[in-house]
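Hello,

Here is the structure I promised to pass on to you. Have a look at it first, and then read on for what turned up in it.

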Protein chains: 2
Amino acid sequence: MDGVKIIEIKKSVFESNDKDADALRQELKGKGVFLLNLMSSPGSGKTSTLIRTINLIKDKLRLAVMEADIDSDVDAIKIKEATGVESIQLHTGGMCHLDAEMTRQGLDGLNLKNLDLAILENVGNLVCPAEFDTGSCKNAMILSVPEGDDKPLKYPLMFSICDLVLINKIDVLPYFDFDLERCRRNILNRNPKAQIIPISAKTGEGVDAFAQWLLDEVKNWNTRQ
Amino acid sequence: MDGVKIIEIKKSVFESNDKDADALRQELKGKGVFLLNLMSSPGSGKTSTLIRTINLIKDKLRLAVMEADIDSDVDAIKIKEATGVESIQLHTGGMCHLDAEMTRQGLDGLNLKNLDLAILENVGNLVCPAEFDTGSCKNAMILSVPEGDDKPLKYPLMFSICDLVLINKIDVLPYFDFDLERCRRNILNRNPKAQIIPISAKTGEGVDAFAQWLLDEVKNWNTRQ
């Protein structure tokens with residue numbers, strides 16, 4: 001670490017929305033709806049992973065998807081066309097993340113009475129979404145192989161707040177300098193409790209394990225007091 | 001576009017820092033220093049692209065690098081070790097972008113009298129850094145092949161504010177569903193003036209064109225009134 005100057009330019013601009021998030025989680029508990037917050041960098045494969053996964057679980061529970069994006073509609077349309085499940089688009093109007101209030105506005109657009117599971121696909125961003133509790137019951141993220149196995153070192157908060165880390169695009173492992181075991185160690189150093197599932201949304205490898213994780217979480221949410 | 005509900009959840013939390021940025025640019029002009037702001041998603045290859053490029057130009061001009069990251073030092077150390085040029089780390093303390101004031105704090109850590117070129121590697125994020133003028137003379141970004149050729153549709157502001165778009169990791173084009181021509185069209189639809197250079201920081205392909213772009217820009221900056 002010799003010879004590199006480090007300048008701290010910390011600012012404190014994040015408001016706490018923890019209270020709103022806790023209230024939302026409580027309401028979801030009362031209604032028997034499990035909310036998953038799925039985060040990643042742009043292009044890590046959130047939408048294609050969801051499509052594969054939803055097609056494995058859509059006959060086993062009632063679900064809907066909220067696709068948050070700055071201003072396109074392509075993801076909500078893709079999900080709806082490829083799975084048939086209800087999918088709505090949330091436009092953040094330039095905002096780089098969702099907070100609990102914005103998530104609530106999205107949930108108000110769904111018929112929660114008919115749902116067991118709502119999935120929020122957050123804005124593609126490894127930084128800001130980690131700062132704001134959306135009110136979700138669990139947080140999951142995707143890290144894709146081309147992004148590099150050092151990302152847990154550089155985006156520590158995201159990895160530390162996620163219950164589940166999916167490592168996507170394992171079909172291209174031979175073409176990148178990405179060490180799956182080093183990546184696991186980097187993730188577990190940040191978050192010893194993280195579950196890690198390597199997948200390929202392209203080939204389908206590992207996606208059944210994510211589907212099972214979701215089914216188990218929804219079941220636990222509705223049986224736990 | 002049928003059948004997808006769209007909910008607008010716009011918020012206006014961005015402060016304008018345009019005045020600070022203009023003042024900083026003016027100062028840099030007076031000092032004969034060109035500031036490049038380089039942005040991308042996490043893992044697109046900003047640091048490895050810089051290392052390749054700096055090694056091509058470091059004998060032709062005097063330069064230094066500011067590596068902005070949330071809290072690691074790995075990039076500044078990498079740059080320094082691989083190129084020998086001055087490299088400092090800016091810790092943003094959780095902030096997802098740099099603004100003009102934060103950039104100025106970074107520049108204060110460099111000896112501008114001895115520089116022709118300062119490069120700011122912004123926080124890995126395709127959203128927030130686009131909102132804040134850093135005071136840079138030009139903005140450049142990297143989109144990497146694994147992220148997908150649809151990113152200009154989903155992150156429009158970033159593509160519209162960049163003078164130069166580097167398309168990195170073209171060495172893995174055969175393994176991804178990424179159409180270079182479609183990507184060019186998507187970029188130019190957002191920003192008809194954007195210059196686009198396909199590169200591979202891994203093999204070095206195309207990096208000479210980026211190096212030449214930088215040399216030309218630095219020269220123009222110092223000769224234009």
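Let's start with a contact you can find quickly: Asp75(A) and Lys154(B) join their side chains in a salt bridge, with 2.7 Å from N to O. Between chain B and chain A the count is 2 salt bridges. Please keep in mind as you explore that this is a predicted model.

**Where the chains meet**

On the chain B side 62 residues are in contact, and they touch 62 residues of chain A. About 5300 Å² of area is buried between the two chains, and carbon and sulfur atoms give 62% of that area.

How are the two copies related? Chain B is superposed on chain A by a rotation of 180°, with 0.0 Å of shift along the axis and an RMSD of 0.0 Å. The copies are thus related as by a two-fold rotation axis. The interface fits in with this: 100% of the interface residues of chain B are also interface residues in chain A, so the copies meet through the same surface.

**A covered strand in chain B**

Next, find strand E5 of chain B, residues 117-121. Is this strand mostly covered or mostly uncovered? It is mostly covered, with 5 of its 5 residues buried. Leu117(B), Ile119(B) and Glu121(B) point one way from E5(B), while Ala118(B) and Leu120(B) point the other way, and all of them are buried.

Which strands pair with E5(B)? One is strand E2 of chain B (residues 34-40), which runs parallel to E5(B) and is joined to it by 5 bridges. Here Leu38(B) has Glu121(B) as its bridge partner. Another is strand E3 of chain B (residues 63-69), which also pairs with E5(B) in the parallel sense, over 5 bridges. In this pairing, Ala64(B) has Ala118(B) as its bridge partner.

**Helix H8 in both chains**

Helix H8 of chain B covers residues 207-223, and you can check its length yourself. At 1.5 Å a residue, its 17 residues should span 24 Å, and the C-alpha atoms at its ends are 25 Å apart, which agrees. Several residues of H8(B) are buried, among them Phe210(B), Trp213(B), Leu214(B), Leu215(B) and Trp221(B).

In chain A, helix H8 (residues 207-223) holds Leu215(A). Its relative accessibility is 17%, so Leu215(A) counts as buried, the cut-off being under 20%. What does Leu215(A) touch, leaving out residues up to four places away in sequence? The answer is Ile57(A), Lys60(A) and Leu61(A). Lys60(A) is 155 residues away from Leu215(A) in sequence, yet their C-alpha atoms are 8.2 Å apart in space.

Finally, please look at Lys169(A), in the loop between strand E7 (164-168) and helix H7 (180-190) of chain A. Phi of Lys169(A) is near 65°, a positive value in a residue other than glycine. Is Lys169(A) buried or exposed? Lys169(A) is buried, with a relative accessible area of 12%.

In chain B, Lys169(B) sits in the loop between strand E7 (164-168) and helix H7 (180-190). Its phi is near 65° too, again positive in a residue other than glycine. Lys169(B) is buried as well, at a relative accessible area of 11%.

Enjoy looking around!

Best wishes

Methods
Residues numbered from 1 in each chain as written. Chains lettered and ligands numbered in written order. Predicted model: local features only at pLDDT ≥ 70, side-chain atom pairs only at ≥ 80, totals over all residues. Heavy atoms only, no water. Least-squares fit on C-alpha atoms with pLDDT ≥ 70 in both. Contact = heavy atoms within 4.5 Å. Buried < 20%, exposed > 50% of the residue type's maximum accessible area, 1.4 Å probe, protein only. Helix = DSSP H or I, 4+ residues; strand = E, 2+ residues; numbered from the N terminus. Pairing = 2+ DSSP bridges. Expected span 1.5 Å × (residues − 1). Buried area = accessible area lost by both parts, 1.4 Å probe. Salt bridge = Lys/Arg side-chain N within 4 Å of Asp/Glu carboxyl O.
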